[in-house]
Amino acid sequence: LDEAQRLFILNQQRLFHQAQGKTLIIGTHMSWKWAFRLHRWDVTTIHIADHITRDFVQQLLHKRLSVFATEQGAQLYFDDSAVDYLWERWGNQLRGMEWFLYHCLQTQRETGAITAHHLEQASINYTTPAGLY
């Protein structure tokens with residue numbers, strides 16, 4: 001269950017009741033250790049941000065663009081300068097990076113390399129949405 005922090009308390013209780021005897025995997029922006037302890041469940045917490053590296057970002061970008069590739073291959077790609085720019089600006093904050101890239105790619109008209117220069121130009125008119133983090 002992703003975004004588990006959005007569940008109201010009654011729905012949280014229903015979730016634990018219905019998940020009895022099963023493995024429960026949740027994605028959340030808040031700690032749920034208290035809820036697992038209350039229900040006497042073991043909990044393992046994994047902080048995704050601890051596993052995100054520059055190389056991971058580069059691979060993720062490549063995979064995302066590959067999904068939309070034509071028979072001739074991906075029409076866009078992020079060169080090393082673009083990946084460096086994204087990593088330096090956003091680090092392991094994938095959500096912020098995703099919002100920025102959505103904004104940026106709306107103006108992309110040419111095929112080929114997306115460079116740091118293109119991203120810098122796109123960032124001039126970009127404002128991070130309130131509450132993103």
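A polar contact is a pair of N or O atoms within 3.5 Å; within protein, one atom must be able to donate a hydrogen and the other to accept it, and residues adjacent in sequence count only if both atoms are side-chain atoms. The structure is a predicted model, in which local features need pLDDT of at least 70 and side-chain atom pairs count only at pLDDT 80 or more, while totals for chains, interfaces and linings use all residues. Residues are numbered from 1 along each chain as its sequence is written, and side-chain values use heavy atoms, with hydrogens and water left out.

The polar contact at S31 is described first. S31 sits in the loop between α1 and α2 (33-38). Helices here are DSSP runs (H or I, at least four residues), as are strands (E, at least two), numbered from the N terminus. A polar atom of the S31 side chain lies 3.3 Å from the backbone nitrogen of K33. S31 is partly exposed, because its relative accessible area is 48%. On this scale, buried means under 20% relative accessible area, exposed means over 50%, and partly exposed lies in between (1.4 Å probe, protein chains only). T45 is 14 residues from S31 along the chain, and their C-alpha atoms are separated by 8.5 Å.

E3 belongs to the segment before α1 (9-18). Its relative accessibility is 17%, so E3 counts as buried. The side chains of E3 and Q5 are joined by a polar contact of 2.5 Å. With neighbours within four places in sequence left aside, E3 is in contact (heavy atoms within 4.5 Å) with G27, H29 and R95.

Helix α3 spans residues 54-67 and helix α4 spans residues 80-90. Their axes lie 10 Å apart, and the helices pack at an angle of about 120 degrees. Axes are lines fitted to C-alpha atoms, for helices over the stretch in contact, and angles run from 0 to 180 degrees between N-to-C directions. The two helices are therefore oblique to each other. Angles under 35 degrees count as roughly parallel, over 145 as roughly antiparallel, 65 to 115 as roughly perpendicular, and the rest as oblique.

From α3, residues R54, V57, Q58 and L61 meet D80, V83, D84, L86 and W87 of α4. By class, this contact has five nonpolar, one polar and three charged residues. Ala, Val, Leu, Ile, Met, Phe, Trp, Tyr, Cys and Pro count as nonpolar, Asp, Glu, Lys and Arg as charged, and the others, Gly among them, as polar.

Two residues illustrate this contact. R54 is in helix α3. A polar atom of its side chain lies 3.5 Å from the backbone oxygen of D80. Beyond four places in sequence, R54 is in contact with D80, V83, D84 and W87. V83 is in helix α4. V83 is buried, because its relative accessible area is 1%. Residues up to four places away not counted, V83 touches R54, Q58, L61 and F78. D55 is 28 residues from V83 in sequence, and 8.8 Å away C-alpha to C-alpha.

Helix α4 also pairs with helix α6 (residues 116-124), their axes coming within 7 Å and crossing at roughly 45 degrees. These helices are therefore also oblique to each other. S81, A82, Y85, L86 and R89 of α4 make the contact with A116, L119, E120 and S123 of α6. By class, the contact has five nonpolar, two polar and two charged residues.
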